[in-house]
Amino acid sequence: MEKNKDKLFINGVKVYLENIEYKSTDFNNIQIKISQNLDLVSCSKDMIIIRMTRKIMSDQVDDFKFIVSSIGEFHLEEKSMDNFKNLDDMKKYVNQRMGYIIDKVQMGSVMSQIIANVTGTFGRPPIILPAVINEDTFKKD
C-alpha cells in the first residue's frame, strides 16, 4: 500500500473574526475592486494558522472601504508530520493549498455573509460576493 504523501490530517478547527473596517457615505453606482489575500500566519507540527482578508475598495470615491479578516486555526494530528520530510516541506505544501484548506471550513462563505450583512444596512443594496474567490480572477495585494 502506498503511503499518503503530503497529506494533512486535521482533527479540529477554530475560526474567528479578526477585524472589520468599514468606511462609507454613499456607494450607489460605483465600481468596486475586490481582493482576497491568504497569509500563512504560523505552521508547526501541531497547528497551522491561516489569515483570510477580503478588501473592497473603489477608485472613484475616497470614502468607501471595506476590509474584513478572519483567522483559521487548524489543529493537526501527530501523524501529519510523518508525511513530510521536514517542517519546511509542510509549509510549502500548506502555502500551495491554503485556498483549498480554508474552503473546507467555509471561511469564504462566512466572510461573504458578513460583507452582505454590513453593507446592506439602512436600506442599501448589499454587496454579495461568491464564497470562493479564485485568486486567478481577482488581483492579490
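Contact means heavy atoms within 4.5 Å. The model is predicted: local features need pLDDT of at least 70 and side-chain atom pairs count only at pLDDT 80 or more, while totals for chains, interfaces and linings use all residues. Residues are numbered from 1 along each chain as its sequence is written, and side-chain values use heavy atoms, with hydrogens and water left out.

The protein chain has three helices and four strands. Both kinds of element are DSSP runs numbered from the N terminus: helices are H or I with at least four residues, strands are E with at least two. Along the sequence, the pattern is β-β-β-β-α-α-α. Among contacts between residues at least 6 apart in sequence, 73% join residues at least 24 apart.

Strands count as paired if DSSP finds at least two bridges between them. In general, strands of a sheet pair through backbone hydrogen bonds, either parallel or antiparallel.

S3 and S4 run antiparallel and are joined by eleven bridges. Arginine 54 has valine 68 in S4 as its bridge partner.

A hairpin of three residues connects S2 to S3. Asparagine 37 has threonine 53 in S3 as its bridge partner. Leucine 38 is found in S2. The C-alpha atoms of leucine 38 and methionine 52 are separated by 4.7 Å, although the two residues are 14 apart along the chain. Leucine 38 is buried, with a relative accessible area of 7%. Buried means under 20% relative accessible area, exposed over 50%, and partly exposed in between (1.4 Å probe, protein chains only). Of the 141 residues in the chain, 35% count as buried.

H3 covers residues 107–119. The expected span of a helix is 1.5 Å times one less than its number of residues. For the 13 residues of H3 this gives 18 Å, and the end C-alpha atoms are 18 Å apart, which agrees. Buried residues in H3 include Met107, Met111, Ile114 and Ile115. What covers the buried residues of H3 includes strands S1 (10–24), S3 (47–57) and S4 (64–76) and helix H2 (98–104). Glutamine 106 lies in the loop between H2 and H3. Its phi is near 60°, a positive value in a residue other than glycine.

The structure holds three aromatic pairs. Rings of Phe, Tyr and Trp (its six-membered ring) pair if their centres lie within 6.5 Å; planes under 30 degrees apart count as stacked, over 60 as edge-to-face and the rest as tilted. Tyr22, Phe64 and Phe66 are linked into a cluster by ring pairs. The charged end of lysine 79 sits over the ring of phenylalanine 9, 4.4 Å from its centre. This term requires NZ of Lys or CZ of Arg within 6 Å of the ring centre and within 35 degrees of the ring normal.
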